[in-house]
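The structure is shown first.

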Amino acid sequence: MKILMVGKTGVFDTLAVALGYLNQTDIACYSYFGDLATEKARRILEVGEEQGHKVFIVNHKNPRIIMEINHELATLSGLGEQESLQVIPLSIAGENLSWLLIKLASLPLLGKLFLNWAKRRTQNRLPFLLKLGQDLYRNYAVNSRERKEMIAAAKPIHK
Amino acid sequence: MAMPYFDKTSAEDFGKLKLVGTDDYGNEIYSLGTQDNNLGNLLEDLASIQGLSDQYVFISTSPYINMILRIGGWLSRSASLPFLGRPLVIKGLRQSFPQLCSLLGSPMAGGTVS
């Protein structure tokens, strides 16, 4: 199964949650962590694999829309639940400030200051974000067969 | 004005594919609102990961959405003032219509426009 986590910030907080899901901790070893160009390019990035579940991340200001689009594409193409990408829209506490800092990172001259702030903020919140990912794994992956609806763990947005 | 969804969509329609019609080659044409003008890479990746790249061509209309169209659309849909917004939408659309039509050339030639 392929899982796409969508948060307001991709290579910052959402990456950390994905690492928690994958039971990893070293966010600094990911070359694209805190990379503004990658964040702006809005490409889907593969973070890793856990028990046959490939985990991807991307950022969007309204994560629920990505879930809706993916559902529409899969329905139109006749993909079943197992074949299609499972999109988990995330609502992470404190993510709005990170998102704002990343937006300010595009400013000339002062931008780098905000970018470093955003990276430090994610690193400082790492234990919290990893825990969210681990909770998500427990509630989503382990119970995926019986899952009727997602339990708010990393606070996925309910449809 | 005769199009089924013309100036009638709501916030709930974002992310939903709306069938507009079929072209001369038999391709189904859908419209999609995304609340974002930089979603080309993401949409292509979504299709690619699921092995659907050969089924979809995504074309961004954002470069041709002019200021009149934006203001008119906001007045009509977000501010719920269609009597003010719709004339602006029509005016803006008339201005950008030739460029929007010219977009069709690229995907038919086999490329992907995003």
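Strand β1 (residues 2-7) of chain A pairs with strand β3 (residues 53-59) of chain A in the parallel sense, over six bridges. Within β3(A), A:Phe56 is the bridge partner of A:Leu4. Strands (E, at least two residues) and helices (H or I, at least four) are DSSP runs numbered from the N terminus, and two strands pair if DSSP finds at least two bridges between them.

The model is predicted: local features need pLDDT of at least 70, side-chain atom pairs count only at pLDDT 80 or more, and totals for chains, interfaces and linings use all residues. Residues are numbered from 1 along each chain as its sequence is written, while chains are lettered from A and ligands numbered from 1 in the order in which they are written.

Four strands of chain A form an open sheet with mixed pairing, in the order β2-β3-β1-β4. Its edge strands, each pairing on one side only, are listed below.

| Edge strand | Residues |
|---|---|
| β2 of chain A | 45-50 |
| β4 of chain A | 86-89 |

Helix α4 (residues 95-104) and helix α5 (residues 111-124) of chain A have axes that come within 7 Å and cross at roughly 155°. Axes are lines fitted to C-alpha atoms, for helices over the stretch in contact, and angles run from 0 to 180 degrees between N-to-C directions. The angle therefore makes α4(A) roughly antiparallel to α5(A), a term for angles over 145 degrees.

Key
Angles under 35 degrees count as roughly parallel, over 145 as roughly antiparallel, 65 to 115 as roughly perpendicular and the rest as oblique.
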